[in-house]
Structures are given as structure tokens and as C-alpha cells.
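Morning, everyone. Have a look at it first, then I'll walk you through it.

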Amino acid sequence: MTTAMLRTVGRIALAIALFLAIAWLAEVLGWFDLFDAPLSGVVGFGLAGIACLVIARRAAREGGEDRP
């Protein structure tokens, strides 16, 4: 994968994690009961997104790209 593709995948994973975090907060506050365990999805997608962004940043630095 190119660094741009890794950045895109990382950003999408973080966006999904943010959505699940909002859903988890809404469940905790008692607004609705939509998912079984959104917190585990937050952790999984968050870690995957951060890992993709770190790998892309490291590859860009080693490849000499200007964009971090």
C-alpha cells in the first residue's frame, strides 16, 4: 500500500471509532440501545487506525516524502 492509502484507511478507521464512541456514550446515557458492545469496536478500530497512520508516517519519513 502507498502511504496515501494507509493514511486514508487510518482516517476511515478513526472515523468509525469516533462513531462507535458516540454510540457507546449514548447507550451509557440511556438514549438508546443500538449495539451490543460498541466499546470493543472503539478500541479495535481506534488501534487499527492509529497503527495505519503511524506506519504511513514512518514510511513517508523513510521514503523522503514531504507530507508527514
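This is a predicted model: local features need pLDDT of at least 70, side-chain atom pairs count only at pLDDT 80 or more; totals for chains, interfaces and linings use all residues.

Now the overall shape. The C-alpha atoms fill a box of roughly 50 × 15 × 15 Å along the principal axes.

Take helix 1. It covers residues 3-28, which is 26 residues. At 1.5 Å a residue, that should span 38 Å. The end C-alpha atoms are 37 Å apart, so the two values agree. Helix 2 covers residues 38-63. Its 26 residues should also span 38 Å, and its end C-alpha atoms are 37 Å apart, which again agrees.

How does each helix end? Helix 1 is followed by Gly30, with a positive phi near 85°. Helix 2 is followed by Gly64, with a positive phi near 80°.

Next, the packing. Which residues of helix 1 are buried? Thr3, Leu6, Arg7, Gly10, Ala13, Ala17, Leu20, Ala23, Ala26 and Glu27. Those residues pack against helix 2. Here is the general point to hold against that list. An α-helix has 3.6 residues a turn, so residues three or four places apart point the same way.

Over on helix 2, the buried residues are Pro38, Gly41, Val42, Gly46, Gly49, Cys52, Ala56 and Ala60. They pack against helix 1.

The contacts are worth a look too. Take those with a separation of 6 or more: 63% of them come from residues 24 or more positions apart.

Now the loop. Trp31 lies between helix 1 and helix 2. Buried or exposed? Trp31 is exposed, because its relative accessible area is 63% and the cut-off is over 50%. Trp31 and Gly49 are 18 residues apart in sequence, yet 28 Å apart in space, C-alpha to C-alpha.

Last, the surface. Of the 68 residues, 26% count as buried. The chain exposes about 4,800 Å², and carbon and sulfur atoms supply 69% of that. As for charge, there are 6 positive and 6 negative, and their mean positions are 14 Å apart.

That's the tour. Over to you.

Notes:
Residues are numbered from 1 along each chain as its sequence is written. Side-chain values use heavy atoms; hydrogens and water are left out. Buried means under 20% relative accessible area, exposed over 50%, partly exposed in between (1.4 Å probe, protein chains only). Contact means heavy atoms within 4.5 Å. Accessible areas come from the Shrake-Rupley method with a 1.4 Å probe; for residues, only the protein chains shown count as cover. Lys and Arg count as positive and Asp and Glu as negative; His and the chain ends are not counted. The place of a charge is taken as NZ of Lys, CZ of Arg, CG of Asp or CD of Glu. Helices (H or I, at least four residues) and strands (E, at least two) are DSSP runs, numbered from the N terminus. The expected span of a helix is 1.5 Å times one less than its number of residues.
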